[in-house]
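Please look over the model shown here.

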Amino acid sequence: MSDLLERLRVRGWRLTAQRRVVAEVLDGEHVHYTADEVHALAAARLPEISRATVYNTLGELVSLGEVLEVSTDGRAKRYDPNAHRAHQHLICARCGTIRDVHPSGDPLADLPTEERFGFAVSEVEVTYRGLCPDCAAA
């Protein structure tokens, strides 16, 4: 059973066939699908699943805190099931490929007090950008 499915089961989230297939599609390392990609992959497993059901299920998973919604530079939102392990993202500026990265250190600690301007900072989002190996070779 996938990590996401197990977390949902522990929460007591009702796993209909549609919800289950969406959770199964989101399982894995470095998963950052758009809603349309989730729909296409889910429909390959469960042809009768509707786009609305996929969007609603993704919205519920985000609301539950089980999936992260990742927005990058005006591109379609992507959905990341790695919601319970702190991480940052590495994004290809050309093709949009996203990878989870886990740099050492605390990015919040790297922000000097004088650069906080009195803010009580509660979280940090760092995005690394560059070209993936395929785009760099092209």
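## Nonpolar core

Of the 20 residues in the largest nonpolar core, which touch the most other members? This is a predicted model. The residues are Val 22, Leu 26, Val 38, Ile 49, Leu 58 and Leu 61. H2 gives the most, with 4 residues. As a general background, nonpolar side chains tend to be buried together in soluble globular proteins.

Take Leu 58. Neighbours within four places in sequence are left aside here. Leu 58 is then in contact with Val 22, Leu 26, Ala 35, Val 38 and Tyr 79.

## Three-stranded sheet

An open sheet is formed by 3 strands. Their order is S1-S3-S2, and the pairing is antiparallel. Strands S1 (33-34) and S2 (68-70) stand at the edges. Each has a single partner strand, so one side of each lacks a neighbour in the sheet.

S1 pairs with S3 (residues 78-80) over 2 bridges, in the antiparallel sense. Tyr 33 stands opposite Tyr 79 in S3. Tyr 79 is also among the contacts of Leu 58.

## Hairpin

S4 (residues 88-92) and S5 run antiparallel and are joined by 4 bridges. They form a hairpin, with 5 residues between them. In the turn, Gly 96 has a positive phi of about 85 degrees.

Ile 91 stands opposite Ile 98 in S5. Side chains alternate along S5 (residues 98-101). Ile 98 and Asp 100 point to one face and are buried.

Key. Residues are numbered from 1 along each chain as its sequence is written. This is a predicted model: local features need pLDDT of at least 70, side-chain atom pairs count only at pLDDT 80 or more; totals for chains, interfaces and linings use all residues. Side-chain values use heavy atoms; hydrogens and water are left out. A nonpolar core is a set of buried Ala, Val, Leu, Ile, Met, Phe, Trp, Tyr and Cys residues joined through side-chain atoms within 4.5 Å. Buried means under 20% relative accessible area, exposed over 50%, partly exposed in between (1.4 Å probe, protein chains only). Contact means heavy atoms within 4.5 Å. Two strands pair if DSSP finds at least two bridges between them.
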